[in-house]
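Thanks for coming. I will go through one structure, starting with a single side-chain pair and then moving to the pockets.

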Amino acid sequence: MSVQTSDAAGAFRTAVVPAAGLGTRFLPTTKAVPKELLPVVDTPGIELVAAEAAEAGADRLLVVTSPGKEAVAEYFRRDEDLELTLAERGKGALLEKVKRAPELLDVATVYQYEPKGLGHAVAQAGPELADDEGAVAVLLPDDLVLPTGVLSRMAEVRAQFGGSVLCAIDVPREQISAYGVFDVTDTDADDVKQVHGMVEKPSADDAPSTFAAAGRYLLDRAIFDALDRITPGAGGELQLTDAVALLISEGHPVHVVVHDGGRHDLGNPGGYARAFVDFALQDPDYGDGLRDWLTERLKD
């Protein structure tokens, strides 16, 4: 049976952020502070991802969380007492920063009570979508894709081809074994490839391409039916890539946008440190001083 695209339009309203993990690579900090709230300079990674979704047209953020991580969604609630205090003290710049996240988009939560994989996390969002929502965006909060704007391009590609659209980055072949890698063919657009399959962490010799997944998905609603039909894969978990592969096998169009930019991985301390430094170097208050300090420090 061929799966038909539920909506040919590229637009989406809901962005799903899977944030139920334990953040084990950041222990012991994540005993008390969710990894998604660790600051990149002074802004949590979850806010950077939410701002990206809002920029691309989302009006709702659906956070998939787990018990004990309510602070992730709470971050997006207004704190009127704090706002009033900052206003009374003339802290206008700080007030604008505090108000920024709650004004981005509406935020709701759903729970993933068992760590059964990314596919299982995304599946929890299905019942929360309105009947007329033909597509949903999924943004992995560990991935910062820079510059922002790839989701808007992905929506354009979905409007043209239908189906589902994922984001890819072109990785040097000697580094490809750390990624999920797409099997693709060209289209008429240089930055768009049609996907025929995906391989998780292949060797450099076995990789079907050098185009690797980059944590951004614009998925047709058919993904939820596919997630209901797959069985546990690697690690005994429900893999989102397995659901995408099922849709491809049934004739559902899947494409990638090859993003010409950079990516930071906030999911491990080394990647987080690089992101922090990169953002701090661009900060008007801290950048110049940090650059001078780094120049001197690296002489040693």
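The side chains of Asp 142 and Lys 35 are joined by a polar contact of 3.1 Å. A polar contact here is a pair of N or O atoms within 3.5 Å; within protein, one must be able to donate a hydrogen and the other to accept it, and residues adjacent in sequence count only if both atoms are side-chain atoms.

This is a predicted model: local features need pLDDT of at least 70 and side-chain atom pairs pLDDT 80 or more, while totals for chains, interfaces and linings use all residues. Residues are numbered from 1 along each chain as its sequence is written, and side-chain values use heavy atoms, without hydrogens and water.

Where is Asp 142? Asp 142 sits in the loop between β6 and β7 (143-146); strands are DSSP runs of E, at least two residues, and helices runs of H or I, at least four, numbered from the N terminus.

Asp 142 is also among the residues nearest the centre of the largest pocket, together with Arg 25, Leu 118, Leu 140 and Glu 237. A pocket is an open set of points on a 1 Å grid over the protein atoms alone, where a 1.4 Å probe fits, with protein on both sides within 12 Å along at least five of seven lines; lining residues have an atom within 4 Å of a point. This pocket is lined by 45 residues, and α8 gives the most, with four.

For the second largest pocket, the biggest contributor to the lining is α4, with six residues.
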